[in-house]
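Work through the exercises below with the structure in view. Try each task before reading its solution.

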Amino acid sequence: MRRAASLFRYLCITLICILCLIPFLVLLILSLNTPKRVFYEGNIFIPDFYFYNYIEGWFKSNICTAMINSALITIMALCVIILLGAMAAYTIARFNYRFNKLIFGILISCMMIPGIINTVPLYTLMIDLKAINTLWGMALVCATNALPQSVFVFHGFIRSLPKELEESAIMDGCSWFSSFWRIIFPLLKPSVSAIVILNGFGIWNNYSQAVFFLQDRRKHNVPQALSVYFQQFAGAKWNLMAATAVIAIVPVILAFLLFQKNLIKGLTDGALKG
Amino acid sequence: MREKKIGLHTFMALPAFALFSVFFLYPLMKGIGMSLTDWDGIRQANFVGLNNFIAFFQDDRALNNIRTTLLFAIGSAPLLNIVGLGYALLMDSKIKGKGMARMIIYLPAIISPLIMGYIWYLLLQPGRGFLYHVLDNMGKASWFGNWTAGYATSMLVLVLVNVWQYAGMTMVIYLAGLQAIPGELYEAAKMDGASSLGRFRFVTIPLLIPSIRINVVTNIIGSLSVFDIVMSLTGGGPGYSTETLSIYIMRMCYGSKTGYSTAVAIIMFFIILVPVLISMRMTRAKAMD
């Protein structure tokens, strides 16, 4: 009885995993077919191993520039989120000033507002600031969207740290500000990794706001470059589309493999307890 | 309590608040003002009162967008939670290869939903899609339908693809919650003669409330503001039938109806706020039990 139950469990999990992987496998097969093989003659599961698709996709699409743009936006935004978010969370967690409470309250209640709501007025503001079609502008928009959640996560974590950590440093004449940077900030690693994972992929993949703020082709990010490239084929040249999509997915999967060990831990420590 | 002098630490929240004010609060306020004008993005704006809001509720396309957005959310948010919780319960035991399976199930969630939409489009396209050829090879081509061409079926495809993509993310949060439940509680319930269903109802569910709350709220917000996957899978079509409110906002803004599009955004804000507040209140009351 117990054996049968555990066998059933394994079977279910295997099926779920296969279901999750099928689209990726199909994409890989499509990307390796020759342009002539539109209809799947012969065995549809065995591709032609035609790697030229990747070279053509790389040079004909805008994917290289787009990946650099997405990477720069993601790194800049994450730096802003982590530095400003941790600083704000520290003073909110440690000092009961009335305006700290007010700021925290505003941030938390805005956590429920998705970015798309104020994208149009933000667009006019970005024009005034000359921030349209700039990577820094897009990075600041993405950082702002993620800021409330990061303050929330850092706040929960810092509150769980004992105050005695800084107090001895304060006795020795160190200021609260510098004891934050010297003592508390290096301890925030679990929260930092949770925030990087929760927001990093979303910023790299941002499409709904990139459509507004990055209209110049040279400033396109990855989803935009792919959508432009795909739309020009209007449903033809699937092998090229598939190859370019694979190119775009590979760095994301590599980053995921690098961070995934921290993902569960970061989520458990940071998001749930916070 | 030690005496705290005013110092740099007093003002540490200000940089974050300044950034937030410029890029979030100010546009939010500005949007309320803009929604009361007929601004087209270039010329002088005229105050038109609530005309934009009245126009919205008289526009069939807009009302259909509300229906589509709500249908998508009503399909997606509960299904995501049920599937995610189901996955988590399956995975919450000592089994080999658990880490690997968890990674694979989470994998779709890190890929851009726009790219995911294109991949599913390649799979499902009528006559040429991968699924059609698999069925054709089996001699069952008639099973295949032109699913992205009809309203009901394309809504179903959108919901299922969304659930497929984000079930892993929901699962991980439930899994973290399940692992925080102490095993002694199950033992105690067993001693009291609780069946496995009873243990699930009276031990697991009440202790999972924090995870349920995070998942329900994020899934409601995410599915009501869905954008990418609709753009790449159906493009809002056929016609405007599967267009969602967030796509409508973008198209109205590009269609020189800037003032109107901010009014739509404010309506969308309330459409999201109401279910979020209700679900937060419900999970709060339950947590007190």
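Helices are DSSP runs of H or I, at least four residues long, numbered from the N terminus. The model is a predicted one.

**Exercise 1. Place A:Lys237 in the fold, then decide: is A:Lys237 buried or exposed?**

Step 1. Locate the residue. A:Lys237 sits in the loop that links α11 and α12 of chain A.

Step 2. Recall the cut-off: a residue is buried if 20 or more other C-beta atoms lie within 10 Å of its own.

Step 3. Apply the cut-off. A:Lys237 has 20 C-beta neighbours inside 10 Å, so A:Lys237 counts as buried.

Step 4. Look along the chain. A:Thr34 is 203 residues away from A:Lys237 in sequence, yet their C-alpha atoms are separated by 9.7 Å.

**Exercise 2. Describe the side of chain A that touches chain B. Which helix gives the most residues to this side?**

Step 1. Count both partners. Contacts join 69 residues of chain A with 70 residues of chain B.

Step 2. List the contributors. Helices of chain A that each supply at least two residues include α1 (2–31), α3 (63–94), α6 (135–159) and α12 (238–272).

Step 3. Pick the top one. α12(A) gives the most, with 13 residues.

Step 4. On the chain A side, 57 residues are nonpolar, 11 are polar and 1 is charged.

**Exercise 3. Characterise chain B as a whole. Why is chain B described as more spread out than a compact globule?**

Step 1. Read the secondary structure. Chain B has 13 helices and 0 strands.

Step 2. Compare with the globule rule. For 289 residues the rule gives 19 Å; the radius of gyration of chain B is 24 Å, well over that value, so chain B is more spread out than a compact globule.

Step 3. Along the principal axes, the C-alpha atoms of chain B fill roughly 80 × 75 × 35 Å.

Step 4. Check burial. In chain B, 41% of the 289 residues count as buried.

Step 5. Check contact range. Of the chain B contacts between residues at least 6 apart in sequence, 72% join residues at least 24 apart.

Technical notes: Residues are numbered from 1 along each chain as its sequence is written. Chains are lettered from A and ligands numbered from 1 in the order in which they are written. This is a predicted model: local features need pLDDT of at least 70, side-chain atom pairs count only at pLDDT 80 or more; totals for chains, interfaces and linings use all residues. Two residues are in contact if their C-beta atoms, placed from the backbone, lie within 7 Å. Ala, Val, Leu, Ile, Met, Phe, Trp, Tyr, Cys and Pro count as nonpolar, Asp, Glu, Lys and Arg as charged, and the others, Gly among them, as polar. A residue is buried if 20 or more other C-beta atoms lie within 10 Å of its own, exposed if 12 or fewer, and partly exposed in between; C-beta atoms are placed from the backbone. The radius of gyration is taken over C-alpha atoms; the globule rule is 2.2 Å times the number of residues to the power 0.38.
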